[in-house]
Amino acid sequence: MHRRMNVVAGAVAAVVLIGGGIVAPTFIRRARAPEAAALAPVHGTRANAFSELAERDVQIRVWRQALAADSTSALALGQLAALHLQRAREGGSWDDYLQAEGYARRSLTSRVQRNERTLVTLSSALLAQHRFPEARDVAMQLVDREPDIPQYRALLGEVAMELGDYTTAGRMMDSVWKERTHLSVAPRLARWLELNNHEREARQLLMAARDDALSRRDVALETKAWFEMRVGDQELRAGRPRAAETAYRAGLAIAPDDPRLLAAMARLANGQRDFPAAIIWGERAIAIQLDPATLGAVGDAYAARGDTAKAREYFHTLEVSVSAQPGPYHRAWSLYLLDHGLRVDEVLAKATDELRTRKDIYGYDLVAWALFKAGRPAEAATFMRDAMRLATPDPLLQRHARAIEQAMSLRIATR
Amino acid sequence: MKRLDVIKRLAVKRLAAMKRVAGALLLAMGVAGVAEAHALHTTMTVAKVDATGVTFNIRTFADDFSASVAQSNGRRTPADSSAPAPDALRYVRARFAVFTASGAPVDLVLCGIRRQAEMYFVCLRASLPQGSTGARLRNELLTERHADQVNIVKVESGGKTQMLMFTKGSAPARLPA
């Protein structure tokens, strides 16, 4: 293994050199398993993805050198912010998000005017950290400064969607309709349409954007894979698992080690009751990047196969991994905890607290589901009504609404 | 001054090449949805079982690893997140262990340690001349630092893969033969 790792380092150095980077060998870091890199052939799409990732480290190093020469350069700081954000997206590293935010703030301190792109980076870094109110403030600054740029309005619309401010979201999304084919607009608008029960239009829009992204040379491979994932997710929510699988596999053909796509395949396999496949996909994802929701999915698969010891191991690890989260839990993690009767009171408290500042339909759904799991169906029904207020055709929401409704009916019948 | 000029020239030279990439990146920023990001503490180990033992390749974040190595060796945490190899080996041996089927500890030999930016990669070899049947692994790396630490070990043996999960207080887990 050690020898193989050295060989890989050499291969990476070669790729870096071909890519026009610095001579010093590098190694893909952050959530990219060494063995994943070792298996990478040096041809075809995968080689491109590999070199793109390796290039990111080189780019960061070069811009750091530029920054060392001029420590207040807004350009260098802004580029470093964007590069760290992109590396975070490619590897999911938490520190990269923090660094992106730090560099972006320094860049904006150096230069406020003509630095809107850095504001976009800052807003995205804050969004990634789920600091929605701050992300909204930054997005509003952008729209105030450049109201004519549709991408900024779409960004504000997205943040507003996340915060449950559907009035602002609707206003922003309406205003970008003419530019709906733009890659920065289409996925956000598609999500808005889907939330508002315009599934067919959302699908058309997202697929057209995906096709556009795939055909362009200036779109990062990670982003192309992300589009496939979004299409897959939407297909799955619309009850088309085969189409979802096709999209996920297409994404994996672009980025074979993308942990989000591997995890999506695990969830899909669980839904199709193909538990051995769910374990394989899920464990591949976890070997690259730890994600508590995927731990839950693999635990479910082991439980379904009757391997209770292994299932317990996964659920325990899931619990431990989320135990020190300071803010609200990730929504998917919370749902796993609730579905398995774990930390119900804690999830309820955190979700209720989050609802004070983030009033989106999924926040209401989470509180409703936590109340339901806590044996409080009447209160759950109230929150579920808010969760269904946009008539979103999401099977998750519908399943929760049905369960709560049944519990209420049963309660009335019992009385 | 000369050095500064060289760096400046290098940066300017790279600028044109970066422009294309930066454009793509900024496009990517524009399409980014809400990321699935939360801070998690984890190490990842790949264990390869062969006829005479197991080779472990541990990947860990340098800042945490360096701090733990320094603390366990009674030193100050280095500002550069470094970890001298002898100190690192002492720390790893204290928290990462292999036991034979009879419960005897197996000596772990360092087969490499290297720093790559924010990561450390540590290679260890456990010699098991009688084979790995019944052998167990304990992995408490960094659990003294983070209560939510999760150590994942991917074991490759005989063409099969198995995942082992370790958290604070986990009992040693059986290695597949």
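Figure 1. B:Val98 stands opposite B:Leu137 in strand E7 of chain B, in a model that is predicted rather than experimental, where local features need pLDDT of at least 70, side-chain atom pairs count only at pLDDT 80 or more, and totals for chains, interfaces and linings use all residues. Residues are numbered from 1 along each chain as its sequence is written, chains are lettered from A and ligands numbered from 1 in the order in which they are written, and side-chain values use heavy atoms, with hydrogens and water left out. Strand E3 (residues 96-99) and strand E7 (residues 136-139) of chain B run antiparallel and are joined by four bridges; strands are DSSP runs of E with at least two residues, helices are runs of H or I with at least four, and both are numbered from the N terminus.

Figure 2. Four strands of chain B form an open sheet in the order E4-E3-E7-E10, with antiparallel pairing, two strands being paired if DSSP finds at least two bridges between them. Strand E4 (105-106) and strand E10 (173-174) of chain B stand at the edges with a single partner strand each, so one side of each is left without a neighbour in the sheet. Helix H3 of chain B lies across E3 and E7 of chain B and runs at about 55° to E3(B), where axes are lines fitted to C-alpha atoms, for helices over the stretch in contact (heavy atoms within 4.5 Å), and angles run from 0 to 180 degrees between N-to-C directions.

**Figure 3. Two salt bridges of chain B.** B:Asp87 and B:Arg75 meet through their side chains in a salt bridge of 2.5 Å, N to O, the term requiring a side-chain nitrogen of Lys or Arg within 4 Å of a carboxyl oxygen of Asp or Glu. B:Asp87 lies in helix H3 (residues 85-95) of chain B and B:Arg75 in the loop between helix H2 (62-72) and H3 of chain B, so the pair ties together parts that are twelve residues apart in sequence. B:Asp87 is buried at 3% relative accessibility, whereas B:Arg75 is partly exposed at 49%; buried means under 20% relative accessible area, exposed over 50% and partly exposed in between, with a 1.4 Å probe and protein chains only. A second salt bridge joins the side chains of B:Lys48 and B:Glu156 (3.5 Å, N to O). This pair links distant parts of the chain, with B:Lys48 in strand E1 (residues 42-50) and B:Glu156 in strand E8 (residues 150-157) of chain B, 108 residues apart.

**Figure 4. A buried charged pair in chain A.** A:Asp360 forms a salt bridge with A:Arg358, the closest N and O atoms being 4.0 Å apart. A:Asp360 is buried, with a relative accessible area of 4%, and A:Arg358 also counts as buried, at 5%.

**Figure 5. Helix H20 of chain A and its surroundings.** Helix H20 (residues 361-373) of chain A has 13 residues and reaches 18 Å from its first C-alpha to its last, close to the 18 Å expected at 1.5 Å a residue, the expected span being 1.5 Å times one less than the number of residues. Eleven of the 13 residues of H20(A) are buried, among them A:Tyr362, A:Asp365 and A:Trp369. The buried residues of H20(A) pack against several helices of chain A, including helix H9 (166-175), helix H18 (331-339) and helix H22 (395-414). H20(A) is followed by A:Gly375, whose phi is positive, near 80°. A:Arg411, in helix H22 of chain A, touches A:Gly375 and A:Pro377, not counting residues up to four places away in sequence.
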